[in-house]
There are 2 protein chains.
Amino acid sequence: MTVEALADLSRRLPDLRLLTEAGDLEHYGRDWTRRWTPAPMAIALPASIEEVQGIVRWANERKVAIVPSGGRTGLSGGAVAAQGELVLSLSRMNRVLGFDVVDRTLAVQPGIALETVHGAAREHGLIYPVDFAARGSCSIGGNIATNAGGIRVIRYGNTREWIAGLKVVAGNGELLDLNRGLIKNSSGYDLRQLMIGSEGTLGIVVEATLRLTDPPPASQVMLLALPNMDALMQVFALFRAGLSLQAFEFFTDIALKHVLAHGAQRAIDGEHPYYVVTEFDAPDERAQEAAMTAFEQGVEQGLISDGVIAQSDAQAAALWRLREGITESLASHKPYKNDISVRIGAVSAFLHDIQALLSREYPHIDVVWFGHIGDGNLHINVLKPETLSDADFIAQCEHVTKLLADTLHRHGGSISAEHGIGLVKRAYLESTRSAAEIALMRGVKTVFDPNGILNPGKLFI
Amino acid sequence: MTVEALADLSRRLPDLRLLTEAGDLEHYGRDWTRRWTPAPMAIALPASIEEVQGIVRWANERKVAIVPSGGRTGLSGGAVAAQGELVLSLSRMNRVLGFDVVDRTLAVQPGIALETVHGAAREHGLIYPVDFAARGSCSIGGNIATNAGGIRVIRYGNTREWIAGLKVVAGNGELLDLNRGLIKNSSGYDLRQLMIGSEGTLGIVVEATLRLTDPPPASQVMLLALPNMDALMQVFALFRAGLSLQAFEFFTDIALKHVLAHGAQRAIDGEHPYYVVTEFDAPDERAQEAAMTAFEQGVEQGLISDGVIAQSDAQAAALWRLREGITESLASHKPYKNDISVRIGAVSAFLHDIQALLSREYPHIDVVWFGHIGDGNLHINVLKPETLSDADFIAQCEHVTKLLADTLHRHGGSISAEHGIGLVKRAYLESTRSAAEIALMRGVKTVFDPNGILNPGKLFI
């Protein structure tokens with residue numbers, strides 16, 4: 001059936017590039033999760049919106065499942081094809097389509113890398129402010145599919161805020177041209193917003209109009225060492241009160257150990273349990289003084305043990321590397337990842353609860369914490385001991401995630417802050433969304449994708 | 001049937017306040033549009049979420065249509081009850097429920113006036129930045145239902161950006177607690193965003209968590225007189241390049257004539273066809289110099305004929321009154337209103353096209369233009385000549401709106417920038433949203449409101 005179906009697809013779209021070699025199936029069939037064995041039926045690499053529509057129409061008729069695919073840097077299995085699906089890779093649709101100087105928007109194809117978008121914005125003296133460590137490999141289409149967040153959310157919000165227009169091929173094959181770059185448009189349901197964060201289950205993004213903005217003023221980067229967990233949100237309050245924050249990130253001594261072992265340079269001597277990297281506007285002496293005042297108050301109040309302020313761009317980059325290098329430094333340990341959030345007003349109480357939970361449940365396992373604490377977003381990486389099999393390790397982590405989900409539910413948090421639900425967190429969706437919400441989501445899914453061909457099994461079964 | 005149905009409602013909810021007097025039916029049965037004769041079956045004034053749910057469940061069983069109702073300041077007929085509907089007024093649910101200092105959020109009931117929200121934010125040293133002339137009477141629930149915009153969108157965006165959480169009673173009576181104040185939450189479809197701007201057709205907002213922010217720095221207000229239409233967007237470019245704009249509004253000489261006749265003070269002598277009121281950050285001399293530089297460049301380039309900068313808060317208020325007083329100054333002329341938008345990059349070409357259209361189609365009728373031109377949003381008010389009957393006047397205006405909708409379609413614009421579709425623009429929705437989009441919207445409506453009891457006939461039939 002597969003061979004005949006693919007032959008039919010090739011007949012309909014004679015110019016469509018299709019890959020069926022084993023190496024390609026494995027390469028395109030998975031994302032940064034490594035839990036599933038890739039098994040797509042084939043890889044389609046469309047070069048145009050029309051080809052995407054043709055594939056979706058074919059899939060509807062044939063009842064073939066499609067996995068939309070970008071940079072495959074996802075951590076939730078949203079781009080995994082392990083069930084004989086057709087992978088629809090947007091990697092050939094990766095161009096900048098245009099810049100509008102009055103609107104200050106950049107029109108791009110979905111397969112473009114985030115870093116390429118950054119560069120294109122800079123060419124016009126502007127910035128696209130969403131940013132995170134995977135910038136070189138992740139695609140803007142994937143960013144939209146997960147409403148990607150990252151390290152500048154405290155200042156600029158999530159991807160959602162920066163999408164002025166979206167062209168989407170819905171599950172029924174229709175091309176939707178949503179919002180078209182308008183700033184004000186109160187003309188019925190904002191389907192653009194519904195698409196953002198829908199993980200390829202409602203439609204396939206085939207073009208995006210991104211809003212750009214002025215670069216921020218000159219900034220400073222500071223690394224702070226903190227004596228205990230309670231100090232975290234108090235230091236956050238001190239710095240937010242006096243400064244315009246661009247980022248406020250934290251990590252623990254265990255995270256530091258790994259990133260130093262991976263080649264980063266120590267910046268503060270001694271042993272400290274918690275660290276913060278913060279970046280803030282510092283266009284003038286007044287702002288720099290405000291930062292020093294916040295720092296000194298923190299020291300006086302016993303909230304800050306030590307600190308260093310970058311004196312050059314190179315030193316700023318070195319401080320950032322201590323935070324941004326963590327994920328890469330853990331990769332060889334096959335970490336199990338939780339990406340969770342609560343309201344920032346709930347962070348302190350929540351941290352206490354999960355610290356107790358994690359030290360009880362993982363007594364002999366390294367657990368690395370870090371994250372965007374100024375957004376209430378915490379990344380937990382549980383490192384696999386060499387003595388445990390992959391399967392046993394994941395089973396143990398899933399057990400703890402269930403307890404974590406209960407804790408999140410009590411604190412009104414989310415089981416997925418910025419990575420999406422995908423396959424990895426599907427079983428825990430009910431800790432974050434009520435049965436009534438999930439029922440409505442299923443209803444919406446049926447409206448946009450009546451035959452259930454778009455990324456089936458992701459988000460919910 | 002009505003009497004028996006209402007008796008049943010009272011039996012189920014013995015404490016529910018119900019009004020059935022003719023005066024109340026007229027008062028609550030309409031909004032600021034005056035085109036429809038109010039004819040609700042009754043007015044329900046619930047005092048709690050449970051009462052709202054009870055009403056919605058009763059309406060589902062009885063197949064009674066509900067019109068959710070806030071401050072009824074809408075200009076699109078979204079809150080009109082002219083078909084025997086039950087008006088569900090949120091006016092008794094108008095309290096501040098709480099403030100969180102870490103999250104910097106304000107939890108409010110939907111019936112609270114925008115101006116009361118402003119005051120509550122100020123009490124905590126913060127602002128809720130959405131603002132427009134109806135602030136004293138409009139309700140936050142209505143703002144959410146239409147994704148209200150206003151005069152600060154250029155700086156702060158629309159209502160959509162400021163909603164951290166929404167409690168909503170869906171059309172099936174279920175209470176949804178959407179997003180709960182989280183900054184990052186990538187856990188499936190963002191139903192909160194879908195609700196915003198849905199004009200009461202998917203659910204009834206019963207509580208909102210509003211994000212607050214720091215007050216802007218000290219600002220200055222400037223009035224500019226322009227010699228022609230082409231200068232508008234060029235002056236906008238000059239001012240945006242050098243300044244951090246909080247507002248950039250325009251109006252015409254005809255608008256000025258009306259607002260002066262209504263008691264405002266002339267601030268610039270002579271006859272000028274176009275005026276701009278702009279407000280921008282001016283915390284220091286550098287910013288004030290940048291404003292003077294932009295002004296002088298505009299004068300040198302022949303784009304600005306004259307200007308005045310407010311020297312006091314009172315003078316700033318007087319300049320703002322020239323813009324904000326326009327709507328009120330036109331009210332006695334029973335204006336027919338268009339509220340349209342295009343991308344700001346398309347404003348210049350669009351203005352030329354509609355100027356030609358309006359002068360051809362309304363040769364003997366006063367047409368007043370003004371609006372949020374920095375957002376691409378234009379308000380057109382057509383004044384009814386005394387010699388024309390209401391019906392003939394509206395018929396003529398509807399004919400022109402059809403042509404205007406075609407022009408908007410060519411320029412990729414929207415038939416409703418910030419007022420919503422309601423009853424007034426229902427016939428023109430297809431100029432802004434494709435048939436495929438409308439079909440999807442209908443599908444979504446059915447998911448949330450299977451019996452079609454929520455604001456039927458609004459947005460689409």
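How many residue pairs are in polar contact across the interface of domain 3 of chain A and domain 4 of chain A? The rule finds seven, both residues of each pair being at pLDDT 80 or more. A polar contact is a pair of N or O atoms within 3.5 Å; within protein, one must be able to donate a hydrogen and the other to accept it, and residues adjacent in sequence count only if both atoms are side-chain atoms.

The model is predicted: local features need pLDDT of at least 70 and side-chain atom pairs count only at pLDDT 80 or more, while totals for chains, interfaces and linings use all residues. Residues are numbered from 1 along each chain as its sequence is written, chains are lettered from A and ligands numbered from 1 in the order in which they are written, and side-chain values use heavy atoms, with hydrogens and water left out.

**Domains of chain A**

The bounds below come from an automatic or database domain assignment.

| Domain of chain A | Residues |
|---|---|
| domain 1 | 2–92 |
| domain 2 | 96–211 |
| domain 3 | 219–327 |
| domain 4 | 334–441 |

The C-alpha centres of domain 3 of chain A and domain 4 of chain A are 25 Å apart. Contact, meaning heavy atoms within 4.5 Å, joins 19 residues of domain 3 of chain A to 19 residues of domain 4 of chain A. These two domains bury about 1600 Å² between them, with 65% from carbon and sulfur atoms; buried area is the accessible area (1.4 Å probe) that two parts lose on being put together, summed over both. On the domain 3 side, Met229(A), Met233(A) and Phe250(A) lose the most area to domain 4 of chain A, together 38% of what that side buries. The rule also finds one salt bridge across this interface, a salt bridge being a side-chain nitrogen of Lys or Arg within 4 Å of a carboxyl oxygen of Asp or Glu.

**The two chains**

Chain A is superposed on chain B by a rotation of 180° with 0.0 Å of shift along its axis (RMSD 0.0 Å). That is the relation of a two-fold axis.

Together the chains bury about 5700 Å², 55% of it on carbon and sulfur atoms. In chain A, Lys184(A), Ser186(A) and Tyr189(A) lose the most area to chain B, together 18% of what that side buries. Ten salt bridges cross between the chains, and there are 48 residue pairs in polar contact, both at pLDDT 80 or more.

Definitions and conventions. Copies are superposed by least squares on the C-alpha atoms of residues with pLDDT of at least 70 in both.
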